[in-house]
Amino acid sequence: MITNRKTALEIGVNVLFITIAIGMFIVSADYKFVRGTLLGARTFPLLVGSIMMVFALINIFKTLGIQSSEENVEVEQALKELTKGKFNNWLRTYRVAAAIGLMVLYYLMMLAVGFIFATVIFLPAMLYLNEYRKPMKVIVVTIVGVAFLYISFKVLLGVPLPTAQLF
Amino acid sequence: MITYLFNGFEFLFTTMAAPALFGGVVLGIILGVLPGLTATMGIALLIPLTYYVSPSVGLSMLIGIFAGGIYGGSVSAILLKTPGTPAAGATLLDGYPMAQNGYAGKAIAIATIASAIGGLIGALILSFLAPQIAKIAVRFGPPEYVLLGIYGLTMISYVSGKSLVKGLFAGCIGLLISTFGIDPITSVPRFTFGTLNLLTGFELLPILIGIFAMSQAIEGVRDSREVTPPQIKLTRVGISVKEFLRILPHIVKSAFIGTFVGAVPGTGTDIAAFLSYGEAKRSSKHPEEFGNGSIEGVAAPEAGNNACVNGAMIPMFTLGIPGEAATAVILGGLMVLGLQPGPLLFTDKPEIIYTVFASTITSNIFMIVLGLLGARFFAKVLSLPKSVIVSFIFVFSVLGAYSMRNSMFDIIIMMTAGLLGYIFSVLDYPVPPVLLGVILGPLVESNLGRTLLVSDGNLMIFFKRPISIFFILIILSTIVSNIYKHYKSKRVLQ
């Protein structure tokens, strides 16, 4: 089950990059070669893209080969022990998905309300996801953290912080 | 050269460079102490801060983080049986048994002294050897740079881990990323899709932060329920003169091994540490003590891995070739600061390069003071809530990616790179080749174009110059040795 998902992910990643390489081939068809040579804006992407596709295909065939082999049973067992059960493994996946979701929300909030307010909302949520859940501690860490970031970056170093852009 | 080095020291101690270096060492040790957080990640996160100060000050801070981070890994290896960094893996073998036997303080003192002396020897070799290599490298023309770039790309085979194909695939992704933006030969905007954000290609910094910092933060969230092993109590930190004299020859020998290993691109601090450990065990009068708490077993790997830090900077500064992840990130930092790593740095910006050398030497002195006097503080760092640190890494990643161009687009790039880095780590795909590809792609492409334009497309130009032929031989020997190595390891496995 675990390795099945991993296999799917591995094949998906390789297929994704093959697609990207094909897309780059199509787009780069518009770029001309320097007259009388094979030099031009399309040369390097064509070369690298082709090589990458070969490696991606090898990866896919290798993954499929491992998936159908008997060794896979042992790997499955080892992974089960490593991730300590189905529930824990599900929890780990959920956490990663939630963290990515929170980051996307954080980005959108920055666009809407700017860095400071977005961070005030994002930090407690991320702390909660990280099992840091005592309310008083979360409030203190958030307020002190945001104040520290503002003072050290904006005031002392003069580093600009992301500002709201939607309104 | 000596005058330049003295000037470097003068600059270091008369500007903010020394405090920045000190701060970098402290921060590096803290990051190194915490398992799961690495010096590489710290460097990637702090690069954005460096372009608000002078390049010398910024680079001093990055050097401090690198040196401190490698040393810091030993503290958690000794007290927790969990190496803070891969480089401390060999230290654990004897450091933890020493701590179990009630000598945790002694083990930390040995690790500190060995790290500092090893690092100091490595830094001195770097300071005197690098300018000599740069003198040769300054004669390079476009054909040599093409071959140098290709040689750098062959390093992918060393940083690929278990699967060479996965490493090469990752390297190609890096090369493809480097093709976005204006073509260096024809000046045609390439894959920009009409957006100004892509006119200069993908910025290096958001990619660096994404694949080295954000991906680790995602891993931190995933593993946030994992229980930290109990920490052994720290005893008095110090060693006797007799013990020091016993470990000194091993420290010196390991320092030379570490510097040499580091200077070979594609190796790393972990390899230097294990090689030094093996050599110390082989030449020790008490080999039976190894694995049970030998003081030589702690000293040798620590001297080796910290010397390796400086050795790894030799190809980075002289040739612009990053040998492993941390130096690749520092190299990226140099480029972000507008400096072109390579031999010309020694002639164009000697004040910066020699301040960096002064920093590498001084960082070891800071390390010994901090390590011996602040051991209790760094041991306490182990009890810091990792969940809070991980949460802040996300925020720092966003700030770092944004601050370079004040661009929200770079935050999206950072997040995408972070996700890619995480997926790669889940699938056992190596990440450093991506970075090698991004950094070396433009070097190879632009110089290949120039070479072929000059020679009217005649590839024989590569065989007409002595340095080119030297590089071709090195590249061929690297490829052949790698094929042999993979073939041999497969046979051993069978």
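Colleague: How exposed is Lys253(B)?

Modeller: This is a predicted model, and in it Lys253(B) is partly exposed, with a relative accessible area of 32%. The class follows from the cut-offs: buried means under 20%, exposed means over 50%, and partly exposed lies in between.

Colleague: Which residue does the side chain of Lys253(B) meet in a salt bridge?

Modeller: Start with the general idea. Side chains of opposite charge can pair when their charged atoms come close. Here the partner of Lys253(B) is Glu279(B), at 3.3 Å from N to O. Lys253(B) lies in helix H10 (residues 241–263) of chain B, and Glu279(B) in helix H11 (residues 269–283) of chain B, so the pair ties together parts that are 26 residues apart in sequence.

Colleague: Which residues are joined into one network by salt bridges that share partners?

Modeller: Arg92(A), Arg222(B) and Asp223(B).

Colleague: How many salt bridges are there over all chains?

Modeller: A search of the whole structure gives 15. One of them pairs Glu144(B) with Arg465(B). Their closest N and O atoms are 2.7 Å apart.

Colleague: Where do Glu144(B) and Arg465(B) lie?

Modeller: Glu144(B) is in helix H7 (residues 142–154) of chain B. Arg465(B) is in the loop between helix H20 (432–454) and helix H21 (466–493) of chain B. The pair therefore ties together parts that are 321 residues apart in sequence. Now read the accessibility. Glu144(B) is buried, at 2% relative accessible area. Arg465(B) is partly exposed, at 31%.

Colleague: Are Asp183(B) and Arg190(B) buried or exposed?

Modeller: Asp183(B) is buried, with 1% relative accessibility. Arg190(B) is buried too, with a relative accessible area of 1%. Their side chains form a salt bridge, 3.2 Å from N to O.

Colleague: Next, helices. How many residues does helix H1 of chain B have?

Modeller: Compare the real span with the expected one. H1(B) covers residues 2–14, which is 13 residues. From first C-alpha to last it reaches 18 Å, close to the 18 Å expected at 1.5 Å a residue.

Colleague: Which residues of H1(B) are buried?

Modeller: Leu5(B), Gly8(B) and Leu12(B). Look down the axis of H1(B): these buried residues fall within an arc of 50 degrees, so they line one face of the helix. On the other side, Thr3(B), Phe6(B) and Thr14(B) are exposed.

Colleague: What do the buried residues of H1(B) pack against?

Modeller: Four helices of chain B: H2 (17–33), H4 (55–80), H6 (104–137) and H16 (350–373).

Colleague: Which residues form the nonpolar patch on the surface?

Modeller: Among them are Ile2(B), Phe6(B), Leu124(B) and Val369(B). Together, the patch residues have about 820 Å² of accessible area. H1, H6 and H16 of chain B each give two or more residues. The largest share, four residues, comes from H16(B). Take Leu124(B) as a case. This leucine sits in helix H6 of chain B and is partly exposed, at 39% relative accessibility.

Colleague: Last, backbone angles. Which residue has a positive phi of about 70 degrees?

Modeller: Glu131(A), although it is not a glycine. Glu131(A) sits in the loop between helix H5 (115–129) and helix H6 (135–157) of chain A. Its relative accessible area is 30%, so Glu131(A) is partly exposed. Asn406(B) is another case: its phi is positive, about 50 degrees, and it is not a glycine. Asn406(B) is in the loop between helix H18 (386–403) and helix H19 (408–426) of chain B. At 39% relative accessibility, Asn406(B) is partly exposed.

Note on methods:
Residues are numbered from 1 along each chain as its sequence is written. Chains are lettered from A and ligands numbered from 1 in the order in which they are written. This is a predicted model: local features need pLDDT of at least 70, side-chain atom pairs count only at pLDDT 80 or more; totals for chains, interfaces and linings use all residues. Side-chain values use heavy atoms; hydrogens and water are left out. The expected span of a helix is 1.5 Å times one less than its number of residues. Buried means under 20% relative accessible area, exposed over 50%, partly exposed in between (1.4 Å probe, protein chains only). The arc is that of the directions from the helix axis to the C-beta atoms. Contact means heavy atoms within 4.5 Å. Patches are made of residues with over 30% relative accessible area and no salt bridge: like charges are joined within 9 Å, nonpolar side chains (Val, Leu, Ile, Met, Phe, Trp, Tyr) within 5 Å. Accessible areas come from the Shrake-Rupley method with a 1.4 Å probe; for residues, only the protein chains shown count as cover. A salt bridge is a side-chain nitrogen of Lys or Arg within 4 Å of a carboxyl oxygen of Asp or Glu.
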